[in-house]
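Here's a quick briefing to read alongside the structure. Have the sequence handy as you go.

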Amino acid sequence: MFIRLKTKTVFLSALLTSSIFLSQAHNVSEGYQKPDDPLVEKNLENWQDLKFGLFMHWGTYSQWGIVESWSLCPEDESWTQRKPEHGTSYYEYLKNYENLQTTFNPVQFNPQKWADAVKKAGMKYVVFTTKHHDGFAMFDTQQSDYKITSPKTPFSKNPKADVTKEIFNTFRKEGFKIGAYFSKPDWHSDDYWWSYFPPKDRNVNYDPKKYPEKWNSFKNFTFNQLNEITSNYGKIDILWLDGGWVRPFNTIDPNVEWQRTIKVEQDIDMDKIGTMARKNQPGIIIVDRTVPGKWENYVTPEQAVPEKPLSIPWESCITMGDSFSYVPNDNYKSSQKIIETLVKIISRGGNYLMNIAPGPTGDYDPIVYERLKEISGWMDQNQSAVFATRSVAPYHDGNFYYTQSKDGKTMNIFHLDEKTNYKSPSTLDFTIPENFKPKSLKVLGLKNKIQWKQSGNVIKVDLPEKRNQLKYSTVIQITQ
């Protein structure tokens, strides 16, 4: 991910990231460019129906249980958990990190197990890290030997060695839309972090204007890898490009702290990349994160939920644990917290991309499957209020959150109570828009006939004793 904050202060980090995004929310909407390709526009509309997606950060770093590949970045020395046993000097650490390729053997890798569990929990699309900033390819690239299918990697002998192919094929077969995460910067490439100079921070470590041949070589390398991903891996619906510091210099926002570290031109030629990707995958949604313009088809607040609806397509990427990558004994969010987050996001018109990180053996933590099972039970009852819905005023009023069907005939009102164990009250009073004329009302998950009355634009609902069966929320569905 592109904004990195100290994982030990998770609440603070989420708050800071949230405030960073929210302070830019207006500007983000202002700078948004609607796609000029009708197929992309149609695909974006369909993507907004999906609501709930799976994000997966996975690489050799899972063996050390550290925060993705950020420990390689000199600017982040204070928090990236560089442990003495992994190397006492930076260069020893770097060498040992790159040697993780020679021990990576996730023999429990079984994408069908993941797909089955997350599908039941209501997830409809997957975004997988084909390559993080460290440059280690989780796909069979021909541009580098720093990859999971290299003979140097023990897992290369496994018939499922090309994990990107296995994940995409498995999830596609289960009806998921497919997203390929790809890091534009590549800290392993000598054309990005040139060995002639020491790396100083996350950025390219030379001036591309002074060494245009070096930068052109990197541009070609990046283009070729993205051409492989969009040519060789079946239908891809989303190209999710991370590393927003690789961008034209004139797009930098000096109000954003991490963008102020960009001192040189890092134009990767997104027009060439985007045109190629759309030729290989007509209508593909492209997310050039944090770079406003024609190639940022939706925006991606990280570990944050906008306080108000945005007028443009958006997706919050939020971890199920504290970290985007596998960390032993991670602090996984409760099912109630996950469902509350989902409700808040969809009431504001967004999608929820929840990150689950596989461990070094190639499987999730057992707690993850417990959470997914609990979410499945809630989703079975309430999915009609979640999927293919849109935001509707008043969006959020006290403990009530609203969505509506796309035809406007059905309104869904979610009642949350952010306490440890949700208990549905005996009566609920809430407002509805004045132009909405209720005809019938039901509580999802209860078969009882519900007593309700309307007074002006206020609805009062009396809930039966069986309301005690409701977990995490009460969802009222009204049809006009």
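**Around helix α4**

Just after α4, G122 takes a positive phi of about 95°. Helices here are DSSP runs of H or I with at least four residues, strands are runs of E with at least two, and both are numbered from the N terminus. Keep in mind that this is a predicted model, where local features need pLDDT of at least 70, side-chain atom pairs count only at pLDDT 80 or more, and totals for chains, interfaces and linings use all residues. Residues are numbered from 1 along each chain as its sequence is written, and side-chain values use heavy atoms, with hydrogens and water left out.

- Helix α4 covers residues 111-120, and its buried residues are P111, W114, A115, A117 and V118. (Buried means under 20% relative accessible area, exposed means over 50%, and partly exposed is in between, using a 1.4 Å probe and protein chains only.)
- Those buried residues of α4 are covered by elements including β1 (52-56), α5 (163-173) and α9 (366-382).

**The chain as a whole**

- You'll find 9 helices and 15 strands in the chain.
- The chain's radius of gyration is 23 Å, close to the 23 Å that the globule rule gives for 480 residues, so the chain is as compact as a globular protein of that length. (This radius is taken over C-alpha atoms, and the rule is 2.2 Å times the number of residues to the power 0.38.)
- Along its principal axes, the C-alpha trace spans about 75 × 45 × 40 Å.
- Buried residues account for 59% of the 480 in the chain.

- D191 sits in the loop between β3 (177-183) and α6 (212-232).
- With a relative accessible area of 16%, D191 is buried.
- D191 touches Y206, K214, S217 and F218, leaving aside residues up to four places away in sequence. (Contact means heavy atoms within 4.5 Å.)

- Most residues other than glycine have a negative phi, and most peptide bonds are trans.
- T290 isn't a glycine, yet it has a positive phi of about 70°.
- You'll find T290 in the loop between β5 (285-288) and β6 (315-319), and at 17% relative accessibility T290 counts as buried.
- Y395 isn't a glycine either, and its phi is positive at about 65°.
- Y395 is in strand β8 and counts as partly exposed at 31% relative accessibility.
- Strand β8 (residues 389-397) also holds P394, and the peptide bond from A393 to P394 is cis, with omega near 10°.
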